[in-house]
Amino acid sequence: MANAAPVRSRAWYGDEELTLNFPTSWEVEVLGPKDAPALSDAQIEQAFAEPIGTPRMSELAKGKRSAAIVVDDLSRPTPAAKVIPFILRELASGGIPKSEIRFVFGVGAHRPLRDEDIIKKIGADIAAEYEVSNHNFMSGDLRSFGSLENGMPIYLNRVVADADFKICLGGIYPHSSVGFSGGAKLIVPGISGFTTMFYFHTFPPGRGPAIIEGESDEPDRRDCAELTAGVLGLDIIANVVLNSRREICGLFVGNFIKAHRKGAHFAMDTYSTEIPETNQTASDLVVINCYPLDADAIQLDKALGALTYFENAYTMALYPASDSSCYHGLFDRIDYTRYLRQRAEQVPPELPTPKIGRRGQLHVWSEYFLADDFYKEYPASLLFRDLEQLIQLFAAELPARAKVTILPVAGTQVLIPAASE
């Protein structure tokens with residue numbers, strides 16, 4: 001008889017329950033975030049009626065002839081289709097014609113969204129009725145806005161730059177170089193050209209994960225994104241915070257700095273997860289379920305920071321990478337078409353014989369993470385295709401009464417070590 005622990009998995013590709021079947025003698029503990037309930041439609045409407053630091057969106061839109069709505073991509077779990085109808089009502093109330101509203105996916109240097117992806121993200125009706133495009137950071141179809149004082153050149157998507165009214169619709173999640181995603185990050189790097197993006201990723205200091213305010217005298221990456229958004233004239237944002245079921249539990253509409261900061265504080269509280277000292281010191285196995293940031297193959301690092309809180313444990317990551325793409329054009333230095341061509345020419349390597357490595361070594365279960373990409377990015381780690389087999393291998397390796405800690409939504413959890421007694 002199994003000791004079953006259900007977790008959610010495969011964001012955008014089923015959002016289904018995955019059951020982990022451990023030996024009955026094991027002590028299994030799930031450490032979830034503080035979490036929050038899903039918002040009702042009335043509560044979403046209230047967020048638009050009471051924006052943070054700006055007049056209502058419909059008021060701001062008055063007198064404007066066109067609008068661009070920048071939306072994040074499938075690497076982010078933001079359920080944009082839930083929020084878009086409310087935005088469109090605001091724009092209609094403000095007098096912007098439907099024919100002059102355009103959607104731009106702020107993919108940064110990620111892969112463009114395919115037709116089926118666009119439907120997942122914004123809904124089939126919106127995809128059919130509005131002009132929709134992917135940002136191409138290698139395109140020459142950009143607008144120049146000079147440079148910031150620190151020298152960062154500003155090249156931005158023409159469709160967004162030319163719109164009279166500019167909106168960013170995204171999510172607020174812990175991020176390793178800007179504290180929390182969302183806000184102006186959909187401008188830089190979301191709709192930036194290669195030169196802007198290269199400078200952004202290379203020179204300004206980062207703001208560590210879950211750090212809300214900057215800690216440097218010089219502009220860090222969050223600051224640079226916000227300075228650029230100011231130069232562009234970003235009018236308003238709508239940023240969500242999600243609960244452990246990928247439902248909207250917080251919505252922050254308003255000024256791209258003030259609304260983002262309020263949302264980040266809410267996110268910090270919602271995602272916070274206390275880690276008892278016994279779990280830190282006595283866990284034999286730590287399982288990090290990377291949901292809801294588990295769709296493509298370049299977000300794994302966002303959950304791996306959790307492993308630093310556990311001493312001398314075996315580690316397992318659940319990361320389906322259903323999209324399988326490991327493309328990041330800035331670092332690959334190639335466009336997406338060439339990347340696909342090169343990938344099609346690759347011969348998939350044979351996976352090594354499944355076996356458990358050492359304590360502290362990362363063991364990753366993934367159905368779709370391509371083996372050559374995986375071992376290029378994580379050469380010291382081990383890749384497994386069969387989850388049940390991986391658990392059985394651990395069962396043969398660990399003590400009969402092993403202690404297991406599961407982080408069920410490690411892609412967004414903010415871990416807080418419990419104070420020693």
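β13 is mostly covered, with seven of its seven residues buried. Buried means under 20% relative accessible area, exposed means over 50%, and partly exposed lies in between (1.4 Å probe, protein chains only). This is a predicted model: local features need pLDDT of at least 70, side-chain atom pairs count only at pLDDT 80 or more, and totals for chains, interfaces and linings use all residues. Residues are numbered from 1 along each chain as its sequence is written, and side-chain values use heavy atoms, with hydrogens and water left out.

β13 pairs with β12 in the antiparallel sense over six bridges. Two strands pair if DSSP finds at least two bridges between them. Ala238 stands opposite Val253 in β13. The two strands, β12 and β13, form a hairpin with five residues between them. In the turn, Arg246 has a positive phi of about 65 degrees. Strands are DSSP runs of E, at least two residues; helices are runs of H or I, at least four; both are numbered from the N terminus.

β9 (residues 165-171) and β12 (residues 236-242) pair in the parallel sense over five bridges. Cys168 stands opposite Ile237 in β12. Contact means heavy atoms within 4.5 Å.

## Helix pair α1 and α3

α3 (residues 80-94) also meets α1 (residues 41-49): their axes come within 11 Å and cross at roughly 45 degrees. That makes α1 oblique to α3. Axes are lines fitted to C-alpha atoms, for helices over the stretch in contact, and angles run from 0 to 180 degrees between N-to-C directions. Angles under 35 degrees count as roughly parallel, over 145 as roughly antiparallel, 65 to 115 as roughly perpendicular and the rest as oblique.

The crossing of α1 and α3 is right-handed. Right-handed means that the near helix is turned clockwise from the far one by less than a right angle; anticlockwise is left-handed. On the α1 side, the contact uses Asp41, Ile44, Glu45 and Phe48. They meet Lys82, Val83, Phe86, Ile87, Arg89 and Glu90 in α3. The contact residues divide into five nonpolar, no polar and five charged. Ala, Val, Leu, Ile, Met, Phe, Trp, Tyr, Cys and Pro count as nonpolar, Asp, Glu, Lys and Arg as charged, and the others, Gly among them, as polar.

## Helix pair α7 and α8

α7 (residues 194-202) and α8 (residues 221-232) pack at an angle of about 150 degrees, with their axes 9 Å apart. The two helices, α7 and α8, are therefore roughly antiparallel to each other. Their crossing is right-handed. Phe200, His201 and Thr202 of α7 make the contact with Arg221, Cys224 and Ala225 of α8. By class, that contact has three nonpolar, two polar and one charged residues.

Five of the five residues of β16 (residues 314-318) are buried, so the strand is largely enclosed by the rest of the structure. In a regular strand the side chains alternate between the two faces of the sheet. Both faces of β16 are covered. Tyr314, Met316 and Leu318 are buried on one side, Thr315 and Ala317 on the other.

β15 (residues 285-289) and β16 pair in the parallel sense over five bridges. Leu285 stands opposite Tyr314 in β16. Four bridges join β16 to β17 (residues 362-365), and these strands run parallel. Ala317 stands opposite Val364 in β17.

## Two loop residues

Thr54 lies in the loop between α1 and α2 (57-61). At 16% relative accessibility, Thr54 counts as buried. Leaving out residues up to four places away in sequence, Thr54 touches Leu60, Asp235, Ile236, Gly254 and Asn255.

Leu351 is found in the loop between α13 (336-345) and β17. At 31% relative accessibility, Leu351 counts as partly exposed. Beyond residues up to four places away in sequence, Leu351 touches Ala371, Tyr375, Leu383 and Arg385. The C-alpha atoms of Leu351 and Phe86 are separated by 48 Å, and the two residues are 265 residues apart along the chain.
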